[in-house]
Amino acid sequence: MTDRHARIAKFKTVASQRILVQDGPKGTEIQNQRLTDADFRGDRFAGHSHDLKGNNDILNLTQPHLITAIHREYAAAGAEILSTNTFNSNAISQADYGLESESYVLNRAGAKLARDVANEYATADRPIWVAGAMGPTNATLSLSPDVNRPDYRATDFDRMVAIYSDAARGL
């Protein structure tokens, strides 16, 4: 059995016995840092064509030490589940920043940061799990974004499946 499979089995056992404590919001902690657009860009995206301020998920790549520090604060405070900093790491949400091609990489990096901290703080008596965060997009399948074309949809089900499958593979 792999470590991953053992962690899942242990999670199911412990979760069936008691309430587990999950970490808190990443966004609030990130906002408290008062980061500039240059901070969000880092060296990797210094010349990128779009503003990146507010793209909290890009910090997995440009400011990993910041995201790691947030995970550590929650783990030290007793969180047993660390959620990844990947709420908007899908191609539709990242398109607002011209980074739709980075979805997989963002999810992979976000999962690694959380897993590394979980491994650092976990003990035999106090395991820490990682939950992959997958939030909604700003596109909808049920309503038209154009009031003059009620039958129009900006995306379709198959595209949503592909987008979330890519994010899940990264996680």
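How many aromatic pairs does the structure hold, and what can be said about the part concerned?

A: The model is predicted. The structure holds one aromatic pair. Its partners are phenylalanine 11 and tryptophan 129, arranged edge-to-face, with 5.3 Å centre to centre and 75° between the planes. An angle over 60 degrees counts as edge-to-face, so the 75° of this pair falls in that class. The pair links distant parts of the chain: phenylalanine 11 belongs to helix H1 (residues 3-17) and tryptophan 129 to strand E2 (residues 129-131), 118 residues apart. Tryptophan 129 counts as buried because its relative accessibility is 6%, under the 20% cut-off. Phenylalanine 11 counts as partly exposed, at 31% relative accessibility.

Phenylalanine 157 is exposed, because its relative accessible area is 56% and the cut-off is 50%. With Leu141 and Val161, Phe157 forms a nonpolar patch on the surface, and together the three have about 270 Å² of accessible area.

Charged side chains form eight salt bridges. One of them joins aspartate 23 to lysine 26, with the closest N and O atoms 2.5 Å apart; both aspartate 23 and lysine 26 are buried. Another joins aspartate 37 to arginine 41, also at 2.5 Å, N to O. These two residues are four apart in helix H3 (residues 37-41), so about one helical turn separates them. Arginine 41 counts as buried, at 11% relative accessibility. In helix H7, aspartate 116 and lysine 112 are likewise four residues apart, and therefore separated by about one helical turn. Their salt bridge has its closest N and O atoms 2.6 Å apart. Aspartate 116 is partly exposed, with a relative accessible area of 36%. In general, an α-helix has 3.6 residues a turn, so residues three or four places apart point the same way.

Helix H7 (103-121) is also among the elements that cover the buried residues of H5, as are helix H2 (26-31), helix H4 (59-62) and strand E1 (81-83). The buried residues of H5 are Leu66, Ile67, Thr68, Ile70, His71, Tyr74 and Ala75. Helix H5 (residues 64-76) has 13 residues, which at 1.5 Å a residue should span 18 Å; its end C-alpha atoms are 18 Å apart, in agreement. After H5 comes glycine 78, with a positive phi near 110°.

Notes
Residues numbered from 1 in each chain as written. Predicted model: local features only at pLDDT ≥ 70, side-chain atom pairs only at ≥ 80, totals over all residues. Heavy atoms only, no water. Patch = residues over 30% accessible without salt bridge, like charges linked within 9 Å, V, L, I, M, F, W, Y side chains within 5 Å. Areas by Shrake-Rupley, 256 points an atom, 1.4 Å probe, with all protein chains shown as cover. Salt bridge = Lys/Arg side-chain N within 4 Å of Asp/Glu carboxyl O. Buried < 20%, exposed > 50% of the residue type's maximum accessible area, 1.4 Å probe, protein only. Expected span 1.5 Å × (residues − 1). Contact = heavy atoms within 4.5 Å. Phe/Tyr/Trp six-rings, centres within 6.5 Å; stacked < 30°, edge-to-face > 60°.
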